[in-house]
Amino acid sequence: MTRDWWKHLVLILGAIIVLAPFYMMVSYSFKSPGEIDRGEGGFFGRQEQMIDPRCIALRQPGRADIEAARTRFLGQDDASVQASLLAETEAACSMRPVVFNYSKAFTEAPLVRYLLNGVAVTLSIFLIQSVVALPAAYALAKLNFWGRDAVFGLVLFCLLIPVHAIALPLYIGLAKLGLTNTYAALVVPWTISVFGIFLMRQFFMTVPDDLIDAARMDGMSELTIVWRVMLPTAIPALLAFAIFSVVAHWNDYFWPRIVVTGNRDLFTPPLGLREFKGDGDGSFFGPMMATATVIVTPLIVAFLLAQRRFIEGITLSGMK
Amino acid sequence: MSDLHIASVTKHFGETSVLKGVTLDVKDGEFISLVGPSGCGKSTLLRIIAGLETPTSGTIAIGGAEVTQLRAADRNLSMVFQSYALYPHLTVAENIAVPLQMRQMTALQRLPVLGGILPGARTHKDDIAQAVRHAAEMLEIAALLDRKPGQLSGGQRQRVALGRALVRDPAAFLLDEPLSNLDAKLRVQTRAEIAELHRRLKATFIYVTHDQVEAMTMSDRIAVMMGGEILQCAAPDVIYEDPDDIRVAEFIGSPKINVLPLERNGSALMLFDQVLNSHLSTESPKVMQMGLRPEALQLTQSKPHLTGRVVHLENLGSEVFAQVALDSNGSRVTLRAMPAQRHRLGLGAQVGLSFDLSAAIIFDAGGARLRHVEGAVTCAPEVA
């Protein structure tokens, strides 16, 4: 223990560096705008009642309101009726900062819709990636055919191509097909994952040949073997791949930003964050951070729930 | 169930030739062992019969129909693998049911949810469950049907693998060293059970093993393979007593057969300057080898053929094996003696050995059997 203290020190420093932005994000999502600007209030802020200036601006009592309210405030002149009405509006528009931030997150933009979009897009991508990668990996790992090594070489080569290098041709292709601003544009470019093929191929190499021969003797076709024998034994590896795939595409800002230009119905969660970027009336950091918290929560919850399987999958030791 | 014909099958992996023209006929209901040292091509031959490998040349026929180009799935053969190769994600019952599901149900019926509501699925499922139960009872694994393979011992997995093979009615059973992952005691027990299973099913069994004891105890016939060829295919007692080739004689039998050099001097047959027989035809080769089983050697005090010193002793209780370093050339021979003779076999003791020439098996320098020499030696009266 005493000799290992420096390891822990390094790990703690690393953890602080990784966790600091999350700390800021969650903390900001609790605080009022004033507290954020002044940098005070600790982690939770003071949670004092605050008044939403926009709410007030929208509910300024007019002539008609005063006339309508006259019956409630009998024997008062217009000015005092207006003052009473203003006080009522302020009471209605005042709330705790945390409620303000999170309600803004969901009301200012259709965040639920964005989240559903995110789920649909990431799950479709992962599903199609698996449908492509599993048979391809099986063929590369277990079947002997002419040019197999060359094909595997191409797979490795494709791993080296950065997404951003081919973004423009991909975009032009999609645009010519008239697919920009569709779900297809968000999903189709990612359906063939060479990383997935590579990962599953490496895993399938460890599956004993006898198991596949036994399946053949039992009367299975090659595709049946993929779905009925290889897939069930590859669940840990597939989970590892699922982490990479889902995390990458859930958090992706770059590609949705390119192919979804106008239609807000197609926004994925990260695009939703843009709704709170500073316009003329200043940035809404509180609601923005609340949105960010809502976006990352599903991933963190999923990770905590499946932590064991995830780590098993990453180390690929789940077999046997 | 049907007979099996393998006609001049060869197999090359790149430059290396694994099978060099193997021809073998297996009769319906026969238990044949393919036995040989590792790398002799016996597993490759079995995989070619199974359809898991295609031969470079030659043909395979099952029941008169040629199947050389047929997929493994369409050959109606069952195979038991050395590693058992059970599906780790399925229970024992599901494992045994797989071959039936694949053959009796359509792809639609096999679908997880939809399959259950299709017409006929119910009766299919009941039939399969019935067959699985029957197979499990035959192998005494009915209590394990709900377990996963990971929860079973080696012997139990072995039985499940057997169950998966015999649940349908295949033309032949192919077994690839099925006992080699079991411990010694279980191996003896399972050996007897497989032999009994063969008698009960009256099916064709092709059994690959490198263990000659398994081959000797279970088979109707043994095919001894070496270097990609079948050296001899015959009943176990013939293989043991009447081998065609010195490699067969050396491979079968434990401890190994003793091989001593023979020479022909004129018409005299010589063993270490000692005339064994003098009625040899002068056409016989000059240099020969003589194989003597350990039980063919006897301890003797008068007129020993061989003398030597005991250098190693193995007492098995019912018998004693002694290694004797010969005085003539220092080579070692193994002698099987009765426990009663042990007092004469102390380490370092000088002993004399004799043998009956009719028990000797004579080969030429290349290892081929010389039956005519043996005939001449044993028929003519010895005059030495």
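How many salt bridges does the rule find across the interface of chain B and chain A? In this predicted model, the rule finds 2 salt bridges there. In a salt bridge, the side chain of B:R47 meets that of A:D213, with 2.5 Å from N to O. Across the interface of chain B and chain A there are also 7 residue pairs in polar contact, both residues being at pLDDT 80 or more. On the side of chain B that touches chain A, α1 (42-50), β6 (77-80) and α2 (92-104) each supply at least two residues. The most is given by α2(B), with 5 residues. By class, this side of chain B has 15 nonpolar, 5 polar and 6 charged residues.

The extent of the interface can be stated in two ways. In terms of residues, 26 of chain B are in contact with 16 of chain A. In terms of area, about 1,700 Å² is buried between the two chains, and carbon and sulfur atoms give 60% of it. B:Y87, B:H89 and B:M102 supply 31% of the area that chain B buries against chain A, more than any other three residues.

The structure holds 3 cavities of 30 Å³ or more. The largest cavity contains about 50 Å³ of space, and its lining includes A:V121, A:W190, A:D252 and A:W255. Both α7 (111-142) and α15 (254-259) of chain A supply at least two residues of that lining.

The second largest cavity, of about 40 Å³, is lined by residues of both chains, among them A:M217, A:D218, B:M79 and B:R164. The largest share of its lining, 3 residues, comes from β6(B).

Key
Residues numbered from 1 in each chain as written. Chains lettered and ligands numbered in written order. Predicted model: local features only at pLDDT ≥ 70, side-chain atom pairs only at ≥ 80, totals over all residues. Heavy atoms only, no water. Contact = heavy atoms within 4.5 Å. Buried area = accessible area lost by both parts, 1.4 Å probe. Salt bridge = Lys/Arg side-chain N within 4 Å of Asp/Glu carboxyl O. Polar contact = N/O pair within 3.5 Å; in protein donor to acceptor, adjacent residues only side chain to side chain. Helix = DSSP H or I, 4+ residues; strand = E, 2+ residues; numbered from the N terminus. Nonpolar A, V, L, I, M, F, W, Y, C, P; charged D, E, K, R; others polar. 1 Å grid on protein atoms, 1.4 Å probe; cavity = no way out; pocket = protein on both sides within 12 Å on 5 of 7 lines; lining within 4 Å. Points joined across faces, edges and corners; volume = space filled by probe spheres on them.
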